[in-house]
Amino acid sequence: MPSAPSFDQIEPPNGSTITYENGELNVPDDPIIPIIHGDGIGQDVGPAAQKVLQAAAKATGREINWMRVYAGASARDRYDGENLPQDTVDAIKHYRVAIKGPLTTPVGAGFRSLNVALRQTLDMYANVRPTYHLEGVPSPVKNPQEMNMITFRENTEDVYSGIEWKAGTEDVEKVKKFLVEEMGVGESLHDGPIGIGVKPITEFGTKRLVRRAIDYALENDRQTVTLVHKGNIMKFTEGAFRDWGYEVAEEEYGDEVITEDTLWEEREGELPEDAVVVNDRIADNMLQQILTRTDQYDVLAMPNLNGDYLSDACGAQIGGLGIAPGANIGDGLVLAEPVHGSAPKYAGQDKVNPTALILSGRLMFQLMGWNDAADLVKDSVEAQVASGRVTYDIERGIEGGVKLATSEFADEIVKRISS
Ligand code: NAP
């Protein structure tokens, strides 16, 4: 195992290091786990999630050695204006499993997204978001319990490649000239200021993402993997995603995977046991399918932008952003993070729901193989919600609930875990 890098301003705590061999994480009972609390409400949900996760680790005979690392505003204060210090990147790379709260990204100008930078620098190519309903959480749909999907969103290309040129610049005019004069594709471009972006989707990026989604389905007894694309319009990018996705399914899994596109009712009873069906849907249709045929979908694999829209839409069906967890995954790397952002208007008020970050920690535990601790976290959060003693976002949607602060909500979950 390589020795820890020499960090500039942070000191690793005592504890053991998670390693990665033969495609598997080896997780000791006393791992060092880097944590970024994050911007805005990160200061509220970070400490709350930390104590719940530590309680679950201890209750199952383990101990987490947290290593606070910094990004965003907290990093700028410590690292002379830097948003994403090398210390933070090195810590996540070395310790392999980490968790973060939200980071603020300015819109339209200023620095590029730190979330995107982190995912790309560490080549965490899959953003994974399980969406399941916790009993008692109010939802805008009639049967929220039917939602039990997990989205695999490609994390390094498509719109995340960040290749675009601003209107009015010399560069954008150069690209426009190239398109019109050399590629002969400028006919439909209107005159006047124009912004241009490029949407790359590669065979390599697609196949490793789809492979992770199919592996997950096989390992977790899921029945379908749906490739979600807009290949009817963008044939050579989104359409290629679909084709390469099917190639992986057909060429790499033998009888374990079937590629056919029949509806759930028709398939029942016909499938070889344990086989996974890979099918595909066009993205706009998929946005209605999650509402109208919720229980027919299990695992969704998507290019970046489709995944962005769909995972938030799935999250809304189970009660909103305060609940929805996620993680970024690379080969031998996990960075768990909630779906929600830094909600600046609530920052520091001890008000928002820490459940999304707590359940991101649960997903982190699952990816570490700590399934007993993961179950304990879910059961305790669910019992807390069922008690009606909840944060504002849940309380406003139920009758007779009691509104708790972020810290009170977390403390009551800790009590449940420890009792
Ligand atoms: P947001 O921070 O997710 O907040 C939008 C709304 O969602 C909040 O006003 C609140 O709704 C609800 N919400 C979010 N987190 C909640 C929680 N923990 N508990 C209860 N309700 C919660 O989205 P945004 O305002 O669009 O983005 C703010 C900043 O976060 C931006 O800079 C954005 O770039 C960044 N962002 C970061 C990440 C990330 O770090 N991965 C992800 C998304 C966005 P109500 O007021 O209706 O209750």
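Mentor: Patches are made of residues with over 30% relative accessible area and no salt bridge, where like charges are joined within 9 Å and nonpolar side chains (Val, Leu, Ile, Met, Phe, Trp, Tyr) within 5 Å. This is a predicted model, in which local features need pLDDT of at least 70, side-chain atom pairs count only at pLDDT 80 or more, and totals for chains, interfaces and linings use all residues. Residues are numbered from 1 along each chain as its sequence is written, and side-chain values use heavy atoms, with hydrogens and water left out.

Trainee: Which residues make the nonpolar surface patch?

Mentor: Phe178, Met183 and Val185 make a patch of about 280 Å².

Trainee: Why does Val185 count as partly exposed?

Mentor: Buried means under 20% relative accessible area, exposed over 50%, and partly exposed in between (1.4 Å probe, protein chains only). Val185 has 46%, so Val185 is partly exposed.

Trainee: What makes Asn22 exposed?

Mentor: The relative accessible area of Asn22 is 78%, so Asn22 counts as exposed. Asn22 also has a positive phi, near 45°. Most residues other than glycine have a negative phi.

Trainee: Is Arg96 exposed or partly exposed?

Mentor: Arg96 has a relative accessible area of 22%, so Arg96 is partly exposed. Phi of Arg96 is positive too, near 75°.

Trainee: Why is helix α1 called roughly parallel to α14?

Mentor: The axes of α1 (residues 42-59) and α14 (residues 406-418) cross at roughly 0° and come within 9 Å. Therefore α1 is roughly parallel to α14. Angles under 35 degrees count as roughly parallel, over 145 as roughly antiparallel, 65 to 115 as roughly perpendicular and the rest as oblique.

Conventions. Areas by Shrake-Rupley, 256 points an atom, 1.4 Å probe, with all protein chains shown as cover. Salt bridge = Lys/Arg side-chain N within 4 Å of Asp/Glu carboxyl O. Axes fitted to C-alpha atoms, helices over the stretch in contact; angles between N-to-C directions. Helix = DSSP H or I, 4+ residues; strand = E, 2+ residues; numbered from the N terminus.
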